Amino acid sequence: MDETRRDRDIEGRAHNARPRDGLGRPLPYGTVGVERQPEGVVRTPAETVREAQRLLDAGMPFHAHEVFEDAWKSGPETERELWRGLAQLAVGLTHAARGNATGGARLLRRGAAALTEFAASGGNAVAGTSAAAVHGIAIGSLTGWATALAGRVEEAGAPVVDAAAEAPRLRADG
């Protein structure tokens, strides 16, 4: 591919087709990378949590963020803060694993704040659920995990965090 031209999707929109590594970093054209998550997939909340957890456990938080982003964009307005916050946590872990302590800590805290705000606002309109565990997601545990990891990353400067070892548990029962 001519690297001076922008990659385009079939509708002509800019779309980077370069292969990526497990943390979403672009690799040189022609390199074998990690398969990217398809964009715009509409999943149930349970499918979203299950797929994101699988990716987090595999040390692929960038890809988990893409799964959360799909839920954020396709889900009900009342749940947008939940999915946005989870996407930010995944991106924060991605940056921490790439050695970007400042960006990682900032996004981990931003994601934790979004989840806290979501829970404080009464969660959402999901019948019969508490704001602390919408779709079985352990919001309190996740905000604690994110805050603690942000502190450790900042304190250590620019460590490279093992994304799989640091992967959070999304569900209280998982």
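## Surface and overall make-up

The chain exposes about 8900 Å², of which carbon and sulfur atoms supply 52%; accessible areas come from the Shrake-Rupley method with a 1.4 Å probe, and for residues only the protein chains shown count as cover. This is a predicted model, in which local features need pLDDT of at least 70 and side-chain atom pairs count only at pLDDT 80 or more, while totals for chains, interfaces and linings use all residues. Residues are numbered from 1 along each chain as its sequence is written, and side-chain values use heavy atoms, with hydrogens and water left out.

The chain has 5 helices and 0 strands, where helices (H or I, at least four residues) and strands (E, at least two) are DSSP runs numbered from the N terminus. Buried residues make up 43% of the 174 residues in the chain; buried means under 20% relative accessible area, exposed over 50%, and partly exposed in between, with a 1.4 Å probe and protein chains only. Among contacts (heavy atoms within 4.5 Å) with a separation of 6 or more, 59% join residues 24 or more positions apart.

## The nonpolar core

In soluble globular proteins, nonpolar side chains tend to be buried together. A nonpolar core is a set of buried Ala, Val, Leu, Ile, Met, Phe, Trp, Tyr and Cys residues joined through side-chain atoms within 4.5 Å. The largest one here has 38 residues, and Phe68, Leu82, Trp83, Leu86, Leu89, Ile137 and Leu170 touch the most other members. Two or more residues are given to this core by each of helix H1 (45-57), helix H2 (61-74), helix H3 (80-97), H4 and H5. H3 supplies the largest share, 9 residues.

Leaving aside neighbours within four places in sequence, Leu170 is in contact with Val49, Ala52, Gln53, Leu56, Phe68, Leu86, Gly136, Ile137, Ala138 and Leu142.

## Thr94 in helix H3

Thr94 is found in helix H3 and counts as buried because its relative accessibility is 1%. The side chain of Thr94 reaches the backbone oxygen of Ala90 at 2.8 Å. Apart from neighbours within four places in sequence, Thr94 is in contact with Leu23, Pro61 and Phe62.

## Other local features

The charged end of Arg18 sits over the ring of Tyr29, 5.8 Å from its centre; the criterion is NZ of Lys or CZ of Arg within 6 Å of the ring centre and within 35 degrees of the ring normal.

His135 is found in the loop between helix H4 (101-120) and helix H5 (139-156). Phi of His135 is near 60°, a positive value in a residue other than glycine.

Technical notes
A polar contact is a pair of N or O atoms within 3.5 Å; within protein, one must be able to donate a hydrogen and the other to accept it, and residues adjacent in sequence count only if both atoms are side-chain atoms.
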